[in-house]
Amino acid sequence: MGEKPRITGFEVIQFDLPPMEDMGTDYNGFNTIYEQGSTIPRQGSVLRMYTSVGVTGEIASGAGLVAQARYRDYLLGKNPLERERIYQDLKRALRQQARMGMAQIDVLLWDFAGKYYNAPVYELLGGHIKPLPCYASTTHGDHNGGLDSPQAYADFAERCLELGYPAFKIHGWGNSETALEIATIHEVGRRVGGRMDLLIDPACELETFGDALKVGWACDEEKFFWLEDPYKDGGISQFAHRKLRQMIRTPLLLTEHVRTLEPHIDFALADATDFLRGDIGYDGITGVMKLAHASEGLGIDIEIHGPGPAQRHCMTSIRNTNYYEMGLVHPCNKGTFSTQIYTNYEDSLEAIDAQGNVYAPEGPGLGVEFDWDWIEKHETNRAKFD
Ligand SMILES: [Mg+2]
C-alpha cells in the first residue's frame with residue numbers, strides 16, 4: 001500500500017434551492033403543510049472534503065462542525081479512512097452538544113472511502129442490490145383543502161396503493177386533534193386496510209399519554225403495523241412507552257429522538273419499543289450500522305428514518321429492516337424533496353417502480369452526481385476551510 005491519505009481541507013458551497021410550492025406551516029410554524037399559492041424558500045449546500053490523494057468526499061450538507069476551529073483542527077491531517085476512531089473521538093467531544101454534527105462528518109468519510117476504493121458504500125458494508133419497499137409518508141394534515149379530512153387521507157392512500165406502494169404512513173394534524181386523528185385511522189383502515197401496511201406518526205403532537213392511548217386503541221382496531229412517536233414526551237420516555245405497550249397491541253416505533261447506540265439499546269431492553277429507529281442525519285452510517293447489528297442481536301428490526309442516498313446504502317446492507325420512508329409526500333404538491341441537486345438520483349412520490357421499490361445507487365461512494373451547472377447558477381456563497 002502507498003502513503004495513507006490525509007484530510008487537507010473542506011469547502012462549503014451554498015445555493016438557493018427551488019422554493020417548496022403550495023406549502024405553508026401549521027399552528028406554531030413548525031410543520032410543513034399544504035397551502036395553495038404559498039411558498040417556502042429553501043437554501044441548500046454541499047460540503048466537500050479534500051485529501052492528500054486527490055480524491056474528495058462530497059455530501060449535501062452545511063458546514064456543520066468544520067466551521068468550528070476545534071473540530072476542524074482535529075480533522076485536518078487525519079486519515080479519512082479511520083472512521084471508527086473519528087466516530088469515537090467526536091462522540092466523546094460532542095457529549096455536551098447532544099452529539100449533533102458527527103453524522104455529517106461520518107457520511108462524508110464514507111463517501112470518500114467509496115470513491116477511494118472505487119466502490120459503492122453498500123459494497124463496503126457487505127450489502128447487495130435488492131428492492132427496498134417504500135412507504136408513502138405524508139406531510140401533516142391541514143385545513144386548507146389538501147390532506148384536510150379522513151376522506152382526503154384515505155383517497156391519497158388509495159392513490160399510493162395504485163402507484164405500487166405496499167405501505168402508507170399518516171402524519172396527522174398538529175396541535176393534538178385527537179378525534180380527527182382517530183377518525184383518519186378508521187377511514188384509512190376501512191379503505192385500504194389488508195391491502196397495504198398502515199403506519200401512523202403523530203410526530204409527538206398528541207398532548208397527553210391518554211391521547212396516545214386512544215390513538216393506539218384505534219390502531220389496534222385497524223391492525224396498524226406501527227405507531228410512532230405518539231405524544232409530547234418527545235419520544236424519549238422509556239417508562240411511558242413500556243406502559244403503552246402493555247395497554248395496546250399495535251407495535252411501537254420509538255427512538256427516532258434518542259442519539260447513538262447505548263440509549264437505543266436501553267430503550268429496547270426496557271421493553272419500551274418494538275422497532276428501533278436509525279437516523280443517518282444524527283448517527284451517520286457508522287452509527288446506524290451499529291444499531292442495525294445491535295437490533296439484529298436482539299432479534300428485532302430497525303427502520304431507517306427519511307429518504308436519501310445514504311439511507312438506501314444502509315438499508316440495502318441490512319437484513320432486519322422493512323421499509324424505506326418516501327416522504328414527505330402530498331397529493332397536491334411536490335412534497336418536501338430536494339433531490340433536484342442530483343443528475344442521477346431522485347426521491348419523490350413517483351420515484352418508485354411498479355411494485356413500490358427503490359434501489360441503492362451503484363456508483364462509487366454514495367453514488368450520486370451533483371448537478372454542478374445548476375448549483376453554480378444558484379450559488380449564493382462559498383467558503384474554504386483549511
Ligand atoms: Mg418520525
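The model described here is predicted.

When residues up to four places away in sequence are set aside, Asn333 touches Glu21, Asp22, Met23 and Tyr34. Asn333 and Gln355 are 22 residues apart along the chain, and 23 Å separate their C-alpha atoms.

The domain assignment divides the protein into domain 1 (7-120 + 372-385) and domain 2 (124-358). The centres of these domains, taken over C-alpha atoms, are 24 Å apart. Contact between them involves 34 residues of domain 1 and 30 residues of domain 2.

On the side of domain 1 that touches domain 2, at least two residues come from each of β1 (7-25), β2 (32-51), α2 (83-93) and α3. Sorted by class, this side of domain 1 has 19 nonpolar, five polar and ten charged residues.

## The largest nonpolar core

In soluble globular proteins, nonpolar side chains tend to be buried together. In this model, the largest nonpolar core has 99 residues, and the members that touch the most others are Cys134, Tyr135, Ala136, Tyr165, Phe168, Ile285 and Cys314. Helix α3 (residues 102-116) contributes the most to this core, with ten residues. The core lies between domain 1 (7-120 + 372-385) and domain 2 (124-358), because both give residues to it.

Phe168 illustrates the contacts of one such member. Beyond its neighbours within four places in sequence, Phe168 is in contact with Tyr135, Ala136, Ala157, Cys160, Val192, Met196 and Leu198.

Strands of a sheet pair through backbone hydrogen bonds, either parallel or antiparallel. Here, four strands form an open sheet in the order β3-β2-β1-β13, and their pairing is antiparallel. At the edges are β3 (57-60) and β13 (379-385), each of which pairs on one side only. On average, and with direction ignored, neighbouring strands of this sheet are turned by 15 degrees against each other.

Six bridges join β1 and β13 in the antiparallel sense, and Val12 stands opposite Ala383 in β13. The antiparallel pairing of β2 and β3 has four bridges, with Leu47 opposite Ile59 in β3. β2 and β3 also form a hairpin with five residues between them, and Gly54 in the turn has a positive phi of about 80 degrees.

## Strand β3 and helix α3

The residues of β3 point in two directions: Gly57 and Ile59 one way, Glu58 and Ala60 the other. All four of these residues, Gly57, Glu58, Ile59 and Ala60, are buried. Helix α3 lies across β2 and β3 and runs at about 135 degrees to β3.

## Backbone features

A cis peptide bond links Gly327 to Leu328, with omega near 10 degrees. Leu328 is part of strand β11 (residues 324-329).

Two residues other than glycine have a positive phi in loops. Cys204 has a phi near 65 degrees and sits in the loop between β6 (197-200) and α7 (209-221). Cys204 is partly exposed, with 17 other C-beta atoms within 10 Å. Lys223 has a phi near 55 degrees and belongs to the loop between α7 and β7 (226-228). Lys223 also counts as partly exposed, with 13 C-beta neighbours inside 10 Å.

## Pro309 in helix α11

Pro309 is found in helix α11 (residues 309-315). Pro309 counts as buried because it has 25 C-beta neighbours inside 10 Å, where 20 or more are required.

Not counting residues up to four places away in sequence, Pro309 touches Tyr345, Pro361, Leu366, Gly367 and Val368. The C-alpha atoms of Pro309 and Thr343 are separated by 13 Å, and these residues are 34 apart along the chain.

Technical notes
Residues numbered from 1 in each chain as written. Predicted model: local features only at pLDDT ≥ 70, side-chain atom pairs only at ≥ 80, totals over all residues. Core = buried A, V, L, I, M, F, W, Y, C linked by C-beta atoms within 7 Å. Buried ≥ 20, exposed ≤ 12 C-beta atoms within 10 Å, placed from the backbone. Domains from an automatic or database assignment. Contact = placed C-beta atoms within 7 Å. Nonpolar A, V, L, I, M, F, W, Y, C, P; charged D, E, K, R; others polar. Pairing = 2+ DSSP bridges. Axes fitted to C-alpha atoms, helices over the stretch in contact; angles between N-to-C directions.
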